Amino acid sequence: MPHSFGYRARTRDMFKRGFKEHGQIRLSTYLVPFHVGDIVDIKANAAQQKGMPHKYYHGRTGIVYNVTPHAVGVIVYKVVGNRYLEKRVNIRVEHIKHSKCRQEFLDRVKRNHEAHVKTKETGERVQLKRLPALPREARTVSTADNAPQTITPVPYETTI
(Lines give C-alpha, C1' and ligand atoms only; values in the text may rest on other atoms or scores of the structure.)
Protein backbone atom coordinates (compact mmCIF):
# COMPACT_ATOMS: atom_id res chain seq x y z
CA MET A 1 0.00 0.00 0.00
CA PRO A 2 1.30 3.49 -0.77
CA HIS A 3 1.52 5.81 2.19
CA SER A 4 1.19 9.54 2.56
CA PHE A 5 4.08 11.97 2.83
CA GLY A 6 1.81 14.89 3.69
CA TYR A 7 2.45 17.90 5.89
CA ARG A 8 0.99 16.18 8.98
CA ALA A 9 1.91 12.58 8.13
CA ARG A 10 2.83 10.38 11.13
CA THR A 11 1.72 12.93 13.73
CA ARG A 12 -1.07 10.93 15.37
CA ASP A 13 0.65 10.79 18.78
CA MET A 14 2.78 13.89 18.32
CA PHE A 15 -0.06 16.41 18.03
CA LYS A 16 -2.54 14.78 20.42
CA ARG A 17 -3.68 16.79 23.44
CA GLY A 18 -2.66 15.79 26.93
CA PHE A 19 -4.77 14.00 29.51
CA LYS A 20 -7.76 16.19 30.51
CA GLU A 21 -6.55 18.96 28.18
CA HIS A 22 -8.97 18.38 25.31
CA GLY A 23 -11.36 21.02 24.04
CA GLN A 24 -10.97 24.76 23.78
CA ILE A 25 -7.67 26.47 24.46
CA ARG A 26 -7.45 28.31 27.79
CA LEU A 27 -7.62 32.10 27.56
CA SER A 28 -4.48 32.42 29.69
CA THR A 29 -2.56 31.10 26.67
CA TYR A 30 -3.28 34.34 24.82
CA LEU A 31 -2.33 36.59 27.75
CA VAL A 32 1.31 35.47 27.99
CA PRO A 33 3.60 38.30 26.81
CA PHE A 34 6.48 37.47 24.44
CA HIS A 35 9.43 39.75 23.79
CA VAL A 36 12.24 39.71 21.26
CA GLY A 37 15.08 37.57 22.63
CA ASP A 38 12.88 35.25 24.71
CA ILE A 39 13.70 31.54 24.59
CA VAL A 40 10.59 29.51 23.72
CA ASP A 41 9.67 25.85 23.31
CA ILE A 42 7.60 24.87 20.27
CA LYS A 43 4.79 22.41 20.99
CA ALA A 44 1.96 22.28 18.45
CA ASN A 45 -1.57 22.50 19.87
CA ALA A 46 -3.96 20.42 17.78
CA ALA A 47 -6.98 22.52 18.82
CA GLN A 48 -5.72 25.38 16.63
CA GLN A 49 -4.69 24.44 13.10
CA LYS A 50 -3.86 28.01 12.05
CA GLY A 51 -0.23 28.99 12.42
CA MET A 52 0.78 25.44 13.35
CA PRO A 53 4.48 24.69 12.86
CA HIS A 54 5.72 21.82 10.71
CA LYS A 55 6.16 18.54 12.58
CA TYR A 56 9.96 18.92 12.40
CA TYR A 57 9.86 21.91 14.77
CA HIS A 58 7.63 20.17 17.36
CA GLY A 59 9.66 19.91 20.57
CA ARG A 60 12.40 22.32 19.43
CA THR A 61 13.63 25.38 21.28
CA GLY A 62 14.22 28.71 19.59
CA ILE A 63 14.65 32.44 20.14
CA VAL A 64 11.93 35.01 19.41
CA TYR A 65 12.99 37.56 16.76
CA ASN A 66 9.64 39.13 15.88
CA VAL A 67 6.33 39.69 17.69
CA THR A 68 2.98 40.35 15.97
CA PRO A 69 -0.54 40.54 17.46
CA HIS A 70 -1.35 36.83 16.97
CA ALA A 71 2.01 35.19 16.28
CA VAL A 72 5.73 35.35 16.93
CA GLY A 73 8.73 34.73 14.71
CA VAL A 74 11.13 32.14 16.11
CA ILE A 75 14.69 31.35 15.03
CA VAL A 76 15.37 27.60 15.12
CA TYR A 77 18.56 25.89 13.98
CA LYS A 78 18.06 22.89 11.70
CA VAL A 79 20.73 20.33 10.83
CA VAL A 80 20.91 19.87 7.06
CA GLY A 81 23.76 17.62 5.96
CA ASN A 82 26.87 18.83 7.77
CA ARG A 83 25.71 22.35 8.61
CA TYR A 84 23.25 24.25 10.79
CA LEU A 85 20.72 26.39 8.94
CA GLU A 86 18.98 29.24 10.73
CA LYS A 87 15.28 28.79 10.04
CA ARG A 88 12.88 31.65 10.76
CA VAL A 89 9.46 30.19 11.56
CA ASN A 90 6.29 32.20 12.20
CA ILE A 91 4.13 30.44 14.78
CA ARG A 92 0.91 31.43 16.54
CA VAL A 93 1.09 31.89 20.31
CA GLU A 94 -1.03 28.78 20.95
CA HIS A 95 1.86 26.60 19.79
CA ILE A 96 4.68 28.06 21.91
CA LYS A 97 5.50 28.60 25.57
CA HIS A 98 8.39 30.13 27.50
CA SER A 99 11.25 27.68 27.93
CA LYS A 100 12.55 26.70 31.35
CA CYS A 101 15.97 25.70 29.98
CA ARG A 102 17.70 28.80 31.46
CA GLN A 103 15.98 28.69 34.85
CA GLU A 104 18.60 26.46 36.48
CA PHE A 105 21.35 28.79 35.19
CA LEU A 106 19.58 31.92 36.50
CA ASP A 107 19.02 30.28 39.89
CA ARG A 108 22.70 29.35 40.05
CA VAL A 109 23.77 32.92 39.19
CA LYS A 110 21.59 34.27 42.02
CA ARG A 111 22.86 31.64 44.46
CA ASN A 112 26.49 32.36 43.53
CA HIS A 113 25.98 36.12 43.95
CA GLU A 114 24.55 35.63 47.45
CA ALA A 115 27.45 33.34 48.37
CA HIS A 116 29.92 35.88 46.95
CA VAL A 117 28.43 38.72 49.03
CA LYS A 118 28.53 36.53 52.16
CA THR A 119 32.16 35.61 51.41
CA LYS A 120 33.13 39.28 51.14
CA GLU A 121 31.72 39.88 54.63
CA THR A 122 33.31 36.86 56.32
CA GLY A 123 36.57 36.83 54.33
CA GLU A 124 36.71 33.06 53.77
CA ARG A 125 36.95 31.39 50.38
CA VAL A 126 33.99 29.49 48.95
CA GLN A 127 33.74 27.15 45.95
CA LEU A 128 31.28 28.58 43.38
CA LYS A 129 32.13 26.29 40.46
CA ARG A 130 30.11 23.18 39.74
CA LEU A 131 31.95 19.94 40.39
CA PRO A 132 31.22 16.56 38.83
CA ALA A 133 29.73 13.92 41.11
CA LEU A 134 32.56 12.06 42.76
CA PRO A 135 32.63 8.27 43.07
CA ARG A 136 31.36 6.79 46.32
CA GLU A 137 33.91 6.32 49.06
CA ALA A 138 35.34 2.84 49.68
CA ARG A 139 33.93 0.72 52.52
CA THR A 140 34.43 -2.78 53.81
CA VAL A 141 31.56 -5.16 54.39
CA SER A 142 32.24 -7.53 57.27
CA THR A 143 30.66 -10.99 57.55
CA ALA A 144 31.40 -11.27 61.29
CA ASP A 145 27.92 -10.19 62.46
CA ASN A 146 26.37 -10.27 59.02
CA ALA A 147 25.72 -13.84 57.85
CA PRO A 148 25.19 -14.26 54.10
CA GLN A 149 21.60 -14.94 53.05
CA THR A 150 20.38 -16.98 50.10
CA ILE A 151 17.45 -15.40 48.30
CA THR A 152 15.15 -17.55 46.17
CA PRO A 153 12.00 -16.52 44.31
CA VAL A 154 8.62 -17.36 45.82
CA PRO A 155 6.87 -20.08 43.77
CA TYR A 156 3.85 -18.92 41.81
CA GLU A 157 0.55 -20.10 43.29
CA THR A 158 -2.91 -19.74 41.81
CA THR A 159 -5.57 -19.07 44.43
CA ILE A 160 -9.09 -19.25 43.09
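Tutor: Let's start with a rule: a salt bridge is a side-chain nitrogen of Lys or Arg within 4 Å of a carboxyl oxygen of Asp or Glu. This is a predicted model, where local features need pLDDT of at least 70, side-chain atom pairs count only at pLDDT 80 or more, and totals for chains, interfaces and linings use all residues. Residues are numbered from 1 along each chain as its sequence is written, and side-chain values use heavy atoms, with hydrogens and water left out.

Student: How many salt bridges does that rule give here?

Tutor: The count is three. In one of them, Arg88 and Glu86 meet through their side chains at 3.3 Å, N to O. Another joins Glu94 and Arg92 at 3.5 Å, N to O. Glu104 also pairs with Arg108, where the closest N and O atoms are 3.2 Å apart.

Student: Are the residues Glu94 and Arg92 buried or exposed?

Tutor: The words have cut-offs: buried means under 20% relative accessible area, exposed means over 50%, and partly exposed lies in between (1.4 Å probe, protein chains only). Both Glu94 and Arg92 are buried. Arg88 is partly exposed because its relative accessibility is 47%, and Glu86 is partly exposed at 39%.

Student: Where do Glu104 and Arg108 sit relative to each other?

Tutor: Helices (H or I, at least four residues) and strands (E, at least two) are DSSP runs, numbered from the N terminus. Glu104 and Arg108 are four residues apart in helix α1, so about one helical turn separates them. Glu104 is partly exposed at 45% relative accessibility, whereas Arg108 is buried at 14%.

Student: What span does helix α1 reach?

Tutor: The expected span of a helix is 1.5 Å times one less than its number of residues. Helix α1 (residues 103-122) has 20 residues and reaches 29 Å from its first C-alpha to its last, close to the expected 28 Å. Just after α1, Gly123 takes a positive phi of about 90°.

Student: Which residues other than glycine have a positive phi?

Tutor: Most residues other than glycine have a negative phi. Here, Arg10 has a positive phi near 60°, and Lys20 also has a phi near 60°. Arg10 lies in the segment before β1 (39-42), and Lys20 is found in the segment before β1 as well. Arg10 is exposed at 56% relative accessible area, and Lys20 is exposed at 71%.

Student: How do the strands β2, β3 and β4 run?

Tutor: Two strands pair if DSSP finds at least two bridges between them. Strand β2 (residues 61-67) runs antiparallel to β3, with four bridges, and Ile63 stands opposite Ile75 in β3. A hairpin of three residues links β2 to β3. Next, 10 bridges join β3 to strand β4 (residues 83-92), again antiparallel. Val80 has Arg83 in β4 as its bridge partner. The hairpin of β3 and β4 has two residues between the strands, and Gly81 there takes a positive phi near 70°.

Student: Which residues does Ala9 contact, apart from its neighbours within four places in sequence?

Tutor: Contact means heavy atoms within 4.5 Å. By that rule, Ala9 is in contact with Ser4 and Lys55. Ala9 and Lys55 are 46 residues apart along the chain, and their C-alpha atoms are separated by 8.6 Å. Ala9 is in the segment before β1, and counts as buried because its relative accessibility is 10%.
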